[in-house]
Amino acid sequence: MLQLKSIDLRKIKVKTVVIPVSEDREIHTDGLIRAAVKEAKKFKEFNGKKEEEITLHDFPGLRSKRIIFMGLGAVKGVDPEALRAWSGRAVKKCIQMSLSETLMVVPTAKAIKTEFSLNLEAMLEGASLGNHLFDRYKKEKKQKSLKQISFLVPLAELKKNARLPRRVESICRGALLAREWVSMPPNDKRPERFSSLIATEAKKAKLTVKILDEHALKQKGFGALLAVAAGSHSRPRLVILEYKPKKARKTIAFVGKGVTFDAGGINLKPSGSLEDMKMDMSGAAAVAATLIAVASLKPGVKIIGAIPIVENMPSGTAYRPGDIIESHDGKTVEIGNTDAEGRLILIDAMSYVLKQYKPGVMIDLATLTGACIIALGEKIAGVFSPDDGLAESILAAGEKTHERCWRMPLPEDYKEQLKSEFADINNIGNTRWGGAITAALFLSEFVKDTRWAHIDIAGPAYIKKPNAYCGPGGTGFGVRLLCDLLDKL
Ligand code: BES
Ligand code: ZN
Ligand code: ZN
């Protein structure tokens, strides 16, 4: 649990205090804390450089048993992301020490340029996200998450930011839920199971849940989604989550790619590309978890989450390269490659959302292409949108949350690459190059004139090595981004 505190450490006893220290400037205003930092810096091994740390037991005047000082580096590099990472590292340190609670001191000095509330928010996020351990498949659980993380702030700031811890907690709980789902092995989240996991959480959050099963999908003509699902024994689902406040100003729709395992289908992926394909439902996880977070944030807009869920497998019943299928929207699609499956389930879900809900804005999140990772690397998502205002808002939300996004082009003339001799469109481009763009252009053919953006999260949705506030596995990318974006639309 996150909490703000404004207490006098001279009077009140706190077992463990963690203090951020800059290597070149004083970042605290409280005299006692400044004196303690000075004392810590007397040790040769501690200067306040990033990753440096030192623990003092007892400091005259401070009633704490244990004071941990952790380096932040030079003050010019201290921004909200540096503080987010710092508090993630601080929580990890406390977990390693088997503590159950801790108090972190929030820097107050003007030396740090960003506004106090932004710094505090980032520290709350880093702590909440860093406090997560994915250990449900380990019999022996070596570490435990902290029960309580408090932040020492001045009284005026405590009043000003009183609602921040609950908001951050709601959003980060969503991000952690998405991480859990993405990290889960593919044998435990096949489509029927994954859709019921989502439904359970969504009902707990009091969202409206609708699920289209295979029968309903057939009846309503979801030809593209059903084609992708044909190779798997697990039957597909379309999960629709609705958040409906009383007087909604507008409707926003999020669509998330939910491929619980992407073997590639008949165009089977090679070894080395298969192992992490349990993450191919990261868009679905982010959309579902965002709606669950939204249910406690209670914004004044109607929000729809549409989540098509399939498993892409090769088998005797699988769809083939060369097949022509009819999408929900009526256009026919020639299958150039069964591994370009994400776009097929997305177009059917998007057409359905447009028809049923007529949203003012529609945004899809998908681990859509390896090409996007080649373009932007593993930490930055690609944003594709014909709408400048919408793209700008997404990039701004990316800056704020450090779920980084970069705008990519949608060149009209590249659409030629998707031409098919036999059907209305082909599901892959006819050259090796620009695969993230042709994938986005393929989607664009199905969105009509609704304000729309596609976010390719193939890179940042999953990490193999832990970072300051995320363990290996799903990152929950997209949840913080979309929650922040809601205020900007
Ligand atoms: N799920 C993959 C994209 C992907 C690759 C996500 C690596 C995360 C990491 C997607 O379905 C896919 O296979 N895309 C193909 C498209 C190609 C066949 C046109 C790709 O990117 O190679
Ligand atoms: Zn694929
Ligand atoms: Zn895929």
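A residue is taken as buried when its relative accessible area is under 20%. Arg 89, with a relative accessible area of 18%, is therefore buried. This assignment, like the others below, refers to a predicted model.

Arg 89 takes part in a salt bridge with Glu 51, in which the closest N and O atoms are 3.7 Å apart. Because Arg 89 belongs to helix 2 and Glu 51 to the loop between helix 1 and strand 3, the pair ties together parts that are 38 residues apart in sequence.

With neighbours within four places in sequence left aside, Glu 52 is in contact with Glu 45, Phe 46, Asn 47, Phe 69, Met 70 and Gly 71. A polar atom of the Glu 52 side chain lies 2.7 Å from the backbone nitrogen of Asn 47, and the side chain of Glu 52 reaches the backbone nitrogen of Gly 48 at 3.1 Å. The C-alpha atoms of Glu 52 and Ile 27 are separated by 16 Å, the two residues being 25 residues apart along the chain.

The domain assignment divides the chain into domain 1 (2-155) and domain 2 (168-486). The C-alpha centres of the two domains lie 37 Å apart. Contact between the domains involves 20 residues of domain 1 and 19 residues of domain 2. The size of an interface is often expressed as the accessible area lost when the parts come together. Between domain 1 and domain 2 the buried area is about 1800 Å², with carbon and sulfur atoms giving 59% of it. On the domain 1 side, the residues that lose the most area to domain 2 are Leu 129, His 132 and Phe 134, which together account for 32% of what that side buries.

Polar interactions across this interface comprise 11 residue pairs in polar contact, with both residues at pLDDT 80 or more. On the side of domain 1 that touches domain 2, helix 2 (80-96) and helix 3 (116-130) are the elements that give two or more residues. Helix 3 gives the most, with 8 residues. The residues of this side divide into 8 nonpolar, 5 polar and 7 charged. The count of salt bridges between the two domains is 3. Lys 400 and Glu 121 form a salt bridge, with 3.2 Å between the closest N and O atoms.

The structure as a whole holds 35 salt bridges. A network of salt bridges links Glu 81, Arg 84, Glu 125, Glu 403 and Arg 480. Arg 480 is also one of the buried residues of helix 14. In helix 14 (residues 479-486), 8 of the 8 residues are buried, so the helix is largely enclosed by the rest of the structure.

Glu 201 and Lys 204 meet in a salt bridge at 3.2 Å, N to O. Both residues lie in helix 6 (residues 191-204), 3 residues apart, about one turn of the helix. Glu 201 is partly exposed at a relative accessible area of 24%, whereas Lys 204, at 59%, counts as exposed. Lys 415 and Glu 412 form a salt bridge in which the closest N and O atoms are 3.2 Å apart. Here Lys 415 counts as partly exposed, at 24% relative accessibility, and Glu 412 is exposed, with a relative accessible area of 56%.

Further buried positions were examined individually. Thr 260, in strand 10 (residues 258-262), has 0% relative accessibility and so counts as buried. Beyond residues up to four places away in sequence, Thr 260 touches a set of residues including Pro 186, Phe 194, Met 277, Met 281, Ile 309 and Val 310. Glu 341 lies in the loop between strand 13 (332-334) and helix 10 (342-357) and counts as buried at 1% relative accessibility. The residues touched by Glu 341, on the same exclusion of residues up to four places away, are Val 228, Lys 257, Val 259, Asp 262, Asp 280, Asn 312 and Tyr 319. Ile 463, in strand 19 (residues 462-463), is buried at a relative accessible area of 17%.

Key: Residues numbered from 1 in each chain as written. Chains lettered and ligands numbered in written order. Predicted model: local features only at pLDDT ≥ 70, side-chain atom pairs only at ≥ 80, totals over all residues. Heavy atoms only, no water. Domains from an automatic or database assignment. Contact = heavy atoms within 4.5 Å. Buried area = accessible area lost by both parts, 1.4 Å probe. Salt bridge = Lys/Arg side-chain N within 4 Å of Asp/Glu carboxyl O. Polar contact = N/O pair within 3.5 Å; in protein donor to acceptor, adjacent residues only side chain to side chain. Helix = DSSP H or I, 4+ residues; strand = E, 2+ residues; numbered from the N terminus. Nonpolar A, V, L, I, M, F, W, Y, C, P; charged D, E, K, R; others polar. Buried < 20%, exposed > 50% of the residue type's maximum accessible area, 1.4 Å probe, protein only.
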